[in-house]
Amino acid sequence: MLTAISPIDGRYREKTKELAGYFSEYALIRYRVRVEIEYFITLCELPLPQLQDFDHSLFEPLRNIYRNFTEQDAQRVKDIEKVTNHDVKAVEYFIKEKWDAILSPLTSHLSPLKEFIHFGLTSQDINNTSVPLSIKEALEQVYYPMVEELIEQLNDYAEQWKQVPMLAKTHGQPASPTRLGKEVMVYVYRLEEQLRGLKDTPITAKFGGATGNYNAHHVAYPQYDWREFGNKFVSEKLGLEREQWTTQISNYDWLGAIFDAMRRINTIIIDLDRDFWMYISMEYFKQKIKAGEVGSSAMPHKVNPIDFENSEGNLGIANAILQFLAQKLPVSRLQRDLTDSTVLRNFGVPMGHALIALQSTLKGLRKLILNEEKLQQDLDNTWAVVAEAIQTILRREAYPNPYEALKALTRTNQKMTEETIHEFIQGLDVSEEIKEELMAITPSNYTGV
């Protein structure tokens with residue numbers, strides 16, 4: 001879409017179009033219709049006295065209003081909104097129109113019962129259930145599978161490379177060797193832990209009338225336990241958890257926790273992107289070349305790690321917005337102000353950027369070609385890293401000042417080679433058995449467990 005303002009709906013539309021079913025204006029209206037209809041059905045199941053004779057076989061035709069919801073239906077709601085200047089009231093009127101078209105020709109005597117659509121509710125009872133529901137289903141159906149696909153890819157690489165020794169770098173300097181597969185496994189572990197935490201975070205909804213006290217419900221039907229009704233409706237019909245004490249709007253605390261959990265996952269992926277960018281720069285990996293692709297408009301030889309860079313940039317934008325959402329939404333003047341309304345509509349934006357990033361990271365990972373020769377070369381050129389192993393064994397043997405002895409050897413401008421290290425070992429006042437043990441240590445096999 002060349003005229004789109006946002007790259008999410010423009011340049012990256014193919015990567016984000018799946019989210020339109022959850023976070024577009026059309027999707028928000030459809031979720032609102034769904035909540036309104038399920039609420040009416042639950043009133044019938046209670047039942048309220050006036051609804052006790054409502055034919056339950058009509059539930060499915062009512063549900064089909066949101067199941068078969070079209071863009072034309074959404075446009076009709078928007079047309080009604082032009083008159084009402086109220087988006088949720090427009091949804092109520094739309095459902096009543098559909099009621100007249102679907103039910104009234106067959107059951108005209110039921111027409112007065114359509115006034116129980118939106119009975120006792122305020123707009124936020126619909127918004128603060130519709131939006132969490134859209135977030136829940138987008139996470140489950142789009143976001144979680146994509147993160148799990150990344151974890152699976154990393155897990156595959158961790159297994160493939162578990163025996164590949166690699167020079168570690170701490171503070172950017174050569175450090176005790178590691179294994180490439182283990183370093184990849186660190187990201188598998190981190191992502192699995194944070195994804196588990198995200199999945200365990202409750203997705204909550206506000207449902208309690210104009211100021212959270214079920215005033216209208218209670219004054220009309222004081223004999224019912226409306227809090228229990230709300231709990232059951234929110235959990236059983238929507239799969240959410242009802243917030244027990246609220247103002248007119250959601251407290252948004254748990255929604256903020258969701259955003260923070262997503263931010264942690266994004267931050268881990270940024271870390272991963274930067275590491276693999278560095279590994280490519282260090283020539284530990286080459287990249288698959290695709291015919292016709294251009295790396296640089298001026299330098300024909302270049303194959304740039306653009307996928308990891310694209311991912312990092314998109315995750316940065318996503319995290320900035322997620323942080324704002326998590327900080328802003330729980331704050332509202334007195335029983336509510338309207339700032340949350342416009343802010344909530346933007347959740348699809350960080351989700352979109354995260355989705356672009358995940359696909360870019362996966363693309364970058366799948367273009368990697370391991371360059372074991374370069375990894376081995378760096379190990380062979382950095383014999384100083386076995387100093388830790390030697391001094392540790394010497395400590396075990398109660399050798400005097402082992403750390404200082406290795407420090408004096410290695411912290412010079414002299415290049416440490418296999419010969420240098422072995423010459424040092426031969427000069428130690430230890431048994432031949434200990435010398436053999438020390439001589440067997442190399443940068444390639446000193447990789448721990």
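Author: Let us begin with H171, which is placed in the loop between β1 (165-170) and β2 (173-179). The model is a predicted one.

Reader: Why is H171 called exposed?

Author: Exposed means over 50% relative accessible area. H171 has 80%, and therefore it counts as exposed. Its phi is near 60°, a positive value in a residue other than glycine.

Reader: What makes L334 count as exposed?

Author: The cut-off is again over 50%. L334 has a relative accessibility of 74%, so it is classed as exposed. This residue lies in the loop between α12 (306-328) and α13 (339-344). Although L334 is not a glycine, it has a positive phi of about 50°.

Reader: What kind of peptide bond joins L46 and P47?

Author: The bond is cis, with omega at about -15°. P47 belongs to the loop between α3 (25-45) and α4 (59-67).

Reader: How does the radius of gyration of the protein stand against that of a compact globule of 449 residues?

Author: For such a globule the value would be near 22 Å, but the protein has 31 Å. Along the principal axes, the C-alpha trace spans about 105 × 55 × 40 Å.

Reader: What share of the residues is buried?

Author: A residue is buried when its relative accessible area is under 20%. Of the 449 residues in the protein, 50% are buried.

Reader: Which secondary structure elements does the protein have?

Author: There are 19 helices and 6 strands.

Definitions and conventions: Residues are numbered from 1 along each chain as its sequence is written. This is a predicted model: local features need pLDDT of at least 70, side-chain atom pairs count only at pLDDT 80 or more; totals for chains, interfaces and linings use all residues. Side-chain values use heavy atoms; hydrogens and water are left out. Helices (H or I, at least four residues) and strands (E, at least two) are DSSP runs, numbered from the N terminus. The radius of gyration is taken over C-alpha atoms; the globule rule is 2.2 Å times the number of residues to the power 0.38. Buried means under 20% relative accessible area, exposed over 50%, partly exposed in between (1.4 Å probe, protein chains only).
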